[in-house]
Amino acid sequence: MPTIYARGPQGRKALALPELSRPEEELLRKIPEGLRRKAPPRLPEVSQPELIRHYTALSRLNYGVDTGFYPLGSCTMKYNPKLHEDLSRLPGFTGLHPLLPEDEVQGALAVLWELSEYLKGIAGLPGVTLQPAAGAHGELTGMFLINRYFEDRGELEKRQKILLPDSAHGTNPASAAMAGFQVVSIPSDRRGMVDLEALKRTLDETVAGIMLTVPNTLGIFEEDILTITELVHSAGGLCYFDGANLNAFLGRARPGDMGADIFHFNLHKTFSTPHGGGGPGAGPLAVSEPLVPYLPVPEIVKDGEKFRLNFDKPKSIGRVHPYFGNFLVMGKALAYILTLGDEGMREVSAAAVLAANYLRVRLKDTYKLPYDRLCKHEFVLSGEGLGEGIRTVDIAKRLIDYGFHPPTIYFPLIVREALMIEPTETEPKEVLDAFVAAMLKIAEEARTDPALLREAPHNAPVRRLDEARAAREPILRHPF
């Protein structure tokens with residue numbers, strides 16, 4: 001497809017700019033000489049119909065949740081109600097300035113306070129901060145809380161280790177390392193869960209805590225979760241739960257009841273904000289009682305019928321986000337919770353788990369399933385042994401020809417040639433069956449015509465790209 005610069009001859013215009021309110025020279029005098037353009041910008045010269053048609057054509061090349069199934073494991077790319085998008089765009093929300101005085105933003109503070117209260121109930125923990133902007137930001141904030149907790153107790157110098165199961169989310173070790181901790185990997189056992197004996201061997205007075213992804217990236221719930229948290233607590237450490245996979249047990253189990261000291265929510269995965277495209281997201285944290293004094297400021301407090309911002313928290317780690325976090329994302333999350341209620345949230349987790357296990361059972365006899373057991377919201381296949389020279393990336397590219405976005409591939413790292421599939425709770429059975437049919441057809445093609453897969457996709461706007469070269473040598477500007 002040609003770029004916008006290649007459409008039409010020079011001299012066409014899509015709009016007419018209004019007359020300047022002041023003479024051009026007067027306006028230019030207000031701009032420092034070094035910041036002024038030396039030549040007019042190279043803008044495309046097209047008519048308005050050409051402009052609209054070009055960008056409409058581009059939009060048709062895009063793939064998204066509104067156009068098809070998006071089974072990205074770990075990322076929860078689900079359909080979200082458009083009503084919540086409309087609510088977040090209400091002028092009373094979008095027109096707010098974050099520096100308005102408290103008395104003029106009581107409605108916004110009420111939204112944030114009410115969401116905090118619901119998140120406390122969902123997590124089963126007494127303290128919440130809404131400031132973290134995304135899951136990894138929540139992880140880092142949690143690590144800062146652990147750091148401050150042990151610093152306050154005079155133990156930080158010796159407690160320098162964070163334990164990480166090899167089935168954890170990929171951002172976990174980076175978050176721990178950025179907060180100054182030493183990362184120690186804990187292997188999985190043959191069932192895909194934390195190896196308890198390996199965990200016991202690492203626990204001593206040097207351990208600050210453990211970061212658990214619950215369920216883990218294999219889609220498996222840690223059956224020994226109470227034993228794990230008890231062991232870590234007995235050694236004096238804290239337990240961090242990565243809540244990116246909350247849709248697997250939403251409304252059915254609470255991290256606080258499992259022994260979590262810190263739990264982060266991905267509002268942009270579980271609670272009705274589109275995930276992808278770089279944001280926006282939100283990663284609030286819920287914490288146990290001993291960590292409440294260290295939460296970021298300001299804290300939203302309800303005094304009678306009014307709300308105020310409390311900065312009087314001398315042990316706080318301080319701000320981790322300007323103002324109060326990504327406010328419009330939180331409005332959508334509150335709308336989602338109020339729309340569904342307790343029963344609806346339980347249906348979310350039931351549907352997510354049912355859909356994942358349906359796909360797992362339908363595909364396990366054709367594709368290698370390293371951990372053949374009941375999963376939660378997602379499961380991991382392997383593309384190994386499907387056909388001569390066939391790799392997982394070939395399966396993923398061929399899926400594009402059948403009209404499906406590929407699943408997550410090559411993650412988690414503990415499964416060779418991994419295909420990580422998450423159907424989410426929002427897809428009907430007909431879509432799941434169509435996806436299964438495509439996967440079974442691809443497996444047949446891998447045996448009978450492997451070249452077809454290795455050269456896929458065949459029906460996409462572009463053929464297979466050199467992705468490594470594109471990452472190393474990106475072309476970021478139009479070559480005039």
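Let's start with the largest pocket: 14 nonpolar, four polar and five charged residues line it. By class, Ala, Val, Leu, Ile, Met, Phe, Trp, Tyr, Cys and Pro count as nonpolar, Asp, Glu, Lys and Arg as charged, and the others, Gly among them, as polar.

A word on the source. This is a predicted model, where local features need pLDDT of at least 70 and side-chain atom pairs count only at pLDDT 80 or more, while totals for chains, interfaces and linings use all residues. Residues are numbered from 1 along each chain as its sequence is written, and side-chain values use heavy atoms, with hydrogens and water left out.

Back to the pocket. A pocket is an open set of points on a 1 Å grid over the protein atoms alone, with protein on both sides within 12 Å along at least five of seven lines; a cavity is a set where a 1.4 Å probe fits but cannot get out; lining residues have an atom within 4 Å of a point. Points are joined across faces, edges and corners, and a volume is the space filled by probe spheres set on them.

How much space lies in the largest pocket? About 610 Å³. Its lining has 23 residues, and nearest its centre lie Tyr63, Ile400, His405, Pro406 and Ala460. Helix 2 (48–61) and helix 13 (392–401) are the elements that give two or more residues to that lining. Helix 13 gives the largest share, four residues. Helices (H or I, at least four residues) and strands (E, at least two) are DSSP runs, numbered from the N terminus.

Next, the second largest pocket. Its volume is about 450 Å³. It has 13 lining residues, with Lys13, Leu15, Leu17, Leu43 and Pro44 closest to its centre. Ten are nonpolar, none polar and three charged.

There is also one cavity of 30 Å³ or more. The largest cavity has a volume of about 50 Å³. Among the residues that line it are Leu218, Arg360, Tyr371, Arg373 and Phe379. Its lining counts seven nonpolar, no polar and two charged residues.

Now helix 9 (residues 225–234). Which of its residues are buried? Ile225, Ile228, Thr229 and Val232. They sit on the same side of helix 9, because their arc around the axis is only 90°. (Buried means under 20% relative accessible area, exposed over 50%, partly exposed in between, with a 1.4 Å probe and protein chains only; the arc is that of the directions from the helix axis to the C-beta atoms.) On the other side, Leu226, Glu230 and Ser234 are exposed. The cover over the buried residues includes helix 8 (196–202) and strand 4 (207–213). After helix 9 comes glycine 236, with a positive phi near 90°.

Last, helix 14 (residues 429–448). Its 20 residues should span 28 Å at 1.5 Å a residue, and its end C-alpha atoms are 29 Å apart, so the two agree. The expected span is 1.5 Å times one less than the number of residues. Its buried residues include Leu432, Phe435, Ile442, Glu445 and Ala446. Helix 15 (450–454) is among the elements that cover them.

Leucine 453 is in helix 15. Leucine 453 counts as buried because its relative accessibility is 0%. Leaving aside neighbours within four places in sequence, leucine 453 is in contact (heavy atoms within 4.5 Å) with residues including Ile442, Glu445 and Ala446. Tyrosine 294 lies 159 residues from leucine 453 in sequence and 53 Å from it in space, C-alpha to C-alpha.
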